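Biologist: I have the sequence and the structure open. Can we go through it piece by piece?

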Amino acid sequence: MNLIHRRLCSSRKWARAVEEQLLPWALEDVSLGPDALEIGPGYGATTRVLLPRVRHLSVVEADASYVTGLRREFGDRAEVLHGDGAALPLPDGRFDSVACFTMLHHVPSPRLQDVLFAEARRVLRPGGVFAGCDALSSWSFRLIHLGDTCVPVPPATLAARLRAAGFGEAEVTVGKGSFRFRAVRGG
Ligand SMILES: C[S@@+](CC[C@H](N)C(=O)[O-])C[C@H]1O[C@@H](n2cnc3c(N)ncnc32)[C@H](O)[C@@H]1O
């Protein structure tokens with residue numbers, strides 16, 4: 001992430017927006033179950049909100065510098081793995097839920113995003129849910145990503161892409177500045 005982005009994602013303002021608005025909306029009516037995985041936790045604003053909602057939380061973060069901070073903050077309260085959401089170092093069928101928030105646009109191509117969706121499905125148990133949100137593309141959104149990876153997911157295409165990745169049901173809702181999605185792994 002570039003410097004502006006790092007400042008934003010580590011700010012109190014972002015943490016408050018995540019806790020009070022973004023995650024309550026993204027996870028409305030989503031049952032995470034006891035064993036959950038988060039892909040792309042960054043500085044941990046989303047992880048902090050997930051922790052009290054599940055019995056066991058694992059997170060996979062691609063950037064080693066964030067992994068160090070996450071391990072320092074969460075200790076043994078979360079299993080922090082350094083890895084790629086598109087090549088998860090985790091077994092098939094383990095999780096009740098997989099979540100990712102405001103990270104899909106950092107995955108550098110639609111093809112790799114589709115691989116990440118298939119990986120999320122692979123590590124879910126049958127009936128498990130993949131849920132999350134990302135920002136809608138806009139001029140200001142692109143501006144804060146100057147010099148950074150930014151491949152926004154068009155929400156109109158997402159449900160079909162999730163089904164192509166093997167999910168049974170998939171639902172996408174567009175909100176103010178963001179979209180949310182949830183998809184269920186069939187049997
Ligand atoms: C904009 S941050 C969002 C962090 C957090 N979810 C939040 O909302 O505060 C995106 C994070 O996703 C991570 N990321 C990007 N691609 C990834 C991948 N393929 N696998 C795992 N993490 C990834 C980035 O390193 C970064 O920490």
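Predicted model: local features only at pLDDT ≥ 70, side-chain atom pairs only at ≥ 80, totals over all residues.

Biologist: Is Glu119 buried or exposed?

Modeller: Buried, because its relative accessible area is 12% and the cut-off for buried is under 20%.

Biologist: Now the ligand. How many residues surround it, and which are the closest?

Modeller: The ligand is surrounded by 23 residues. Trp14, Gly40, Glu61, Asp84 and Gly85 are the closest.

Biologist: Which helices and strands supply at least two residues of the shell each?

Modeller: Helix 1 (3–9), strand 1 (35–39), helix 3 and strand 2 (56–61) each do.

Biologist: What does Trp14 put against the ligand?

Modeller: A polar side-chain atom of Trp14, which lies 2.8 Å from an oxygen atom of the ligand.

Biologist: And what about the backbone of Gly40?

Modeller: A polar backbone atom of Gly40 is 2.9 Å from a nitrogen atom of the ligand. Phe101 also has a polar backbone atom 2.9 Å from a ligand nitrogen.

Biologist: How much of the ligand does the protein bury?

Modeller: 94% of the 600 Å² that the ligand exposes when taken alone.

Biologist: Glu61 was on your list of closest residues. Where is it?

Modeller: Glu61 is in strand 2. It is buried, with a relative accessible area of 6%.

Biologist: What does the Glu61 side chain sit by?

Modeller: One of its polar atoms lies 2.9 Å from the backbone nitrogen of Gly42. Leaving out residues up to four places away in sequence, Glu61 touches Gly40, Pro41, Gly42, Tyr66, Val67, Leu70, Leu81, His82 and Gly83. Gly40 is also one of the residues closest to the ligand.

Biologist: Switching to helix 2. How many residues does it have, and how far does it reach?

Modeller: Helix 2 covers residues 12–26, which is 15 residues. From first C-alpha to last it reaches 19 Å, close to the 21 Å expected at 1.5 Å a residue.

Biologist: Where is the kink in it centred?

Modeller: The kink in helix 2 is centred on Val18 and is about 50°. Val18 is also one of the buried residues of the helix, along with Leu22, Leu23 and Ala26.

Biologist: What covers those buried residues?

Modeller: The cover includes helix 3 (45–50), strand 4 (95–101), strand 5 (124–135) and strand 7 (178–185).

Biologist: And Arg16, which helix is that in?

Modeller: Arg16 lies in helix 2. It is partly exposed, with a relative accessible area of 46%. Its C-alpha is 22 Å from that of Thr173, a residue 157 places away along the chain.

Biologist: Where do Asp29 and Thr102 lie?

Modeller: Asp29 lies in the loop between helix 2 and strand 1, and it is exposed, with a relative accessible area of 76%. Thr102 lies in the loop between strand 4 and helix 5 (110–123). Thr102 is partly exposed, at 22%.

Biologist: What else is in the loop between strand 4 and helix 5?

Modeller: His106 is found there, and at 22% relative accessibility it counts as partly exposed. Its side chain makes a polar contact with the side chain of His105, at 3.2 Å.

Biologist: Last one, Gly147. Buried or exposed?

Modeller: Gly147 is exposed because its relative accessible area is 86%, and the cut-off for exposed is over 50%. Its place is in the loop between helix 6 (139–143) and helix 7 (155–164).

Biologist: How far is its C-alpha from that of Asn2?

Modeller: The two C-alpha atoms are separated by 6.9 Å, although Gly147 and Asn2 are 145 residues apart along the chain.

Terms used:
Residues numbered from 1 in each chain as written. Heavy atoms only, no water. Helix = DSSP H or I, 4+ residues; strand = E, 2+ residues; numbered from the N terminus. Expected span 1.5 Å × (residues − 1). Bend = angle between axes of the 7 residues up to and from the residue. Buried < 20%, exposed > 50% of the residue type's maximum accessible area, 1.4 Å probe, protein only. Contact = heavy atoms within 4.5 Å. Near = heavy atom within 4 Å. Polar contact = N/O pair within 3.5 Å; in protein donor to acceptor, adjacent residues only side chain to side chain. Areas by Shrake-Rupley, 256 points an atom, 1.4 Å probe, with all protein chains shown as cover.
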